Amino acid sequence: MHPYFSLQGRTALVTGGTRGIGKMIAKAYVEAGATVYVCARDVEACRQTADELGALGRCHAVAANLATEEGVQQLATRLGEQMTHLDILVNNAGTTWGAPLESYPIKGWEKVMQLNVTSVFNCIQQFLPLLRKAGSPANPARIINIGSVAGISSFGEQAYAYGPSKAALHQLSRILARELVSQHINVNVIAPGRFPSKMTQHIDRDAQALAQDTALIPMKRWGREEEMAALAISLASTAGAYMTGNIIPLDGGFSL
Ligand SMILES: NC(=O)c1ccc[n+]([C@@H]2O[C@H](COP(=O)([O-])OP(=O)(O)OC[C@H]3O[C@@H](n4cnc5c(N)ncnc54)[C@H](OP(=O)(O)O)[C@@H]3O)[C@@H](O)[C@H]2O)c1
């Protein structure tokens, strides 16, 4: 690997790193040389991920429920005991809820907003001291928020809270990028189109739905693990040191 893309000696936290996009990023970071922490609610999935990715390098897992303020706080306290600084924070854990407009439950709206926006803000608050310790003018610390093309396009799919939650996350990222740049912390967003995961498996497993879905994507296919991995490594490494405040669609042209 070219040194511009190496993460040797860096420490990263990937929320929701036990499956889907989070796991793609966690694996890439381990392979690029970072010490990676993943978190998710499922204790067994955490253990399995730490074992699987730990075989490739350094990976630790901590179970946490980021949907509550206490959960975020507990995670920050536990990791604060294990690390002196945090170079890379990937806020990836997210959720969705779909229902017809008239019967869309407010508890679904609140669940999506809580995890996709509030908990990301709370994670950034809690990990700021460790990020500040890592960042320098030559090598800023990185916050990478996983947004979505749903926060850019008007294609809603009855997931009424989801697009607005991601649009809010994109805007929060711009505001924080401006504020934190003087503290040597870069903030960027990866806005994925479709990638295979538990969140999208209802489409993936239905041939007709998959055909209809890919027909809407200019490249006529879903994103691949290596494509997510490569962009996430770029933003975390020397390649992304001069980038902040960017919302980067990774979507085969969908948001066009
Ligand atoms: N897949 C796509 O096509 C796509 C497209 C655009 C954007 N995204 C975004 O990409 C991110 C990852 O999505 P994905 O598709 O990979 O989803 P996924 O397969 O459902 O994975 C979600 C991850 O987040 C964790 N998680 C969920 N709720 C949590 C909570 N309360 N506290 C801590 N961890 C929690 C899950 O583990 P536990 O269940 O064990 O907690 C899991 O590790 C999300 O922000 C999503 O909005 C995905």
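Analyst: Helices (H or I, at least four residues) and strands (E, at least two) are DSSP runs, numbered from the N terminus. Here, α1 (20-31) and α5 (162-180) each supply at least two residues of the shell around the ligand. Mind that this is a predicted model, where local features need pLDDT of at least 70 and side-chain atom pairs pLDDT 80 or more, while totals for chains, interfaces and linings use all residues. Residues are numbered from 1 along each chain as its sequence is written, and side-chain values use heavy atoms, without hydrogens and water.

User: How many residues surround the ligand, and which are the closest?
Analyst: A residue is near a molecule if one of its heavy atoms lies within 4 Å of it. In this model 29 residues surround the ligand, with Thr18, Arg41, Asn92, Tyr162 and Ser197 the closest.

User: Which N or O atoms lie 2.8 Å or 2.7 Å from a ligand oxygen?
Analyst: A polar contact is a pair of N or O atoms within 3.5 Å. The side chain of Arg41 places an N or O atom 2.8 Å from a ligand oxygen, and a backbone N or O atom of Asn92 sits 2.7 Å from a ligand oxygen. The protein buries 94% of the 880 Å² that the ligand exposes when taken alone (Shrake-Rupley method, 1.4 Å probe).

User: Is Tyr160 buried, exposed or partly exposed?
Analyst: Buried means under 20% relative accessible area, exposed over 50%, partly exposed in between (1.4 Å probe, protein chains only). Tyr160 is partly exposed, at 31%, and lies in the loop between β5 (141-146) and α5.

Notes
A polar contact is a pair of N or O atoms within 3.5 Å; within protein, one must be able to donate a hydrogen and the other to accept it, and residues adjacent in sequence count only if both atoms are side-chain atoms.
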